[in-house]
Amino acid sequence: MTKSLSLLAACTLAHGAVPGRCAWCGAELPKRRRTWCSDRCGDAFWANHWWSVARRTVRRRDRYRCKRCGHKPPGRTHPRYRTLRKTDRLEVNHIVPARGDHRRLSCAHHLENLETLCLTCHKAYTKEQRA
Ligand SMILES: [Zn+2]
Ligand SMILES: [Zn+2]
Ligand SMILES: [Zn+2]
């Protein structure tokens, strides 16, 4: 919790760690609530800071299509899904690179910094970034 408190203080999306206030939206905390005024605020925090939740949220937001070329790889129900996904799948790209922050809470995972890309577009983007 202490880690996320310092993160909340620096986060541009969160209201911040103010006693008695929701750390996400700043509303007054109801009794028995300690950090978030509602589950929705807690969920919003995790969706913007924890990689596995953020990744899932972004894929859904982008309707399981590549943001750049609109490509939609075969879904799980496709009979050859397991084979096809090796070369044809969606990945979630950090527009401003996360620099190894994937395993911890980080503001690099703000949903506005994430986009769903197909493998081809993701590779092209990474190449552009390096150039
Ligand atoms: Zn709230
Ligand atoms: Zn694409
Ligand atoms: Zn943040």
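**Entry: Y64**

I looked up how open Y64 is, and at 42% relative accessibility Y64 counts as partly exposed. My scale was this: buried is under 20% relative accessible area, exposed is over 50%, and partly exposed is in between, with a 1.4 Å probe and protein chains only. Y64 sits in the loop between α3 (51–61) and α4 (81–84). For these names, helices are DSSP runs of H or I with at least four residues, strands are runs of E with at least two, and the numbering starts at the N terminus. Next I checked the backbone. Y64 has a positive phi of about 55°, although Y64 is not a glycine. Most residues other than glycine have a negative phi.

I noted the ground rules here. This is a predicted model, in which local features need pLDDT of at least 70 and side-chain atom pairs count only at pLDDT 80 or more, while totals for chains, interfaces and linings use all residues. Residues are numbered from 1 along each chain as its sequence is written, chains are lettered from A and ligands numbered from 1 in the order in which they are written, and side-chain values use heavy atoms, with hydrogens and water left out.

**Entry: R99**

I found a positive phi at R99 too, about 50°, and R99 is not a glycine. R99 belongs to the loop between β1 (90–94) and β2 (114–118). Is R99 buried or exposed? R99 counts as exposed, because its relative accessibility is 72%.

**Entry: salt bridges**

I searched the whole structure and got 6 salt bridges. The rule asks for a side-chain nitrogen of Lys or Arg within 4 Å of a carboxyl oxygen of Asp or Glu.

I started with D62. D62 lies in the loop between α3 and α4. D62 counts as buried, because its relative accessible area is 7%. D62 forms a salt bridge with K67, and their closest N and O atoms are 3.9 Å apart. I then followed the links and found R61, D62 and K67 joined in a network of salt bridges. What else is in contact with D62? Leaving aside neighbours within four places in sequence, D62 is in contact with K67, E115 and T116. Contact here means heavy atoms within 4.5 Å.

I moved on to E91 and R89. Their side chains meet in a salt bridge at 3.0 Å, N to O. E91 is partly exposed at 21% relative accessibility. R89 is partly exposed as well, at 27%.

D101 counts as buried at 15% relative accessibility, whereas R104 is partly exposed at 46%.

**Entry: the two domains**

I checked the domain assignment of the protein chain. The assignment gives domain 1 (1–49) and domain 2 (51–131). Such bounds come from an automatic or database domain assignment. The centres of the two domains, taken over C-alpha atoms, are 27 Å apart.

I then looked at where they meet. On one side are 10 residues of domain 1, in contact with 12 residues of domain 2. The area buried between the two domains is about 880 Å², and carbon and sulfur atoms give 66% of that area. Buried area is the accessible area (1.4 Å probe) that two parts lose on being put together, summed over both. A47, N48 and H49 supply 55% of the area that domain 1 buries against domain 2, more than any other three residues.

How many salt bridges cross this interface? The rule finds 0. I did find 4 residue pairs in polar contact across the interface, both residues at pLDDT 80 or more. A polar contact is a pair of N or O atoms within 3.5 Å; within protein, one must be able to donate a hydrogen and the other to accept it, and residues adjacent in sequence count only if both atoms are side-chain atoms.

On the side of domain 1 that touches domain 2, α1 (2–10) and α2 (39–49) each supply at least two residues. The largest share, 5 residues, comes from α2.

**Entry: H49**

I ended on H49, which lies in helix α2. H49 is buried, because its relative accessible area is 0%. I listed what H49 touches, not counting residues up to four places away in sequence: L7, C11, W24, R104, L105, S106, C107, H109 and H110.
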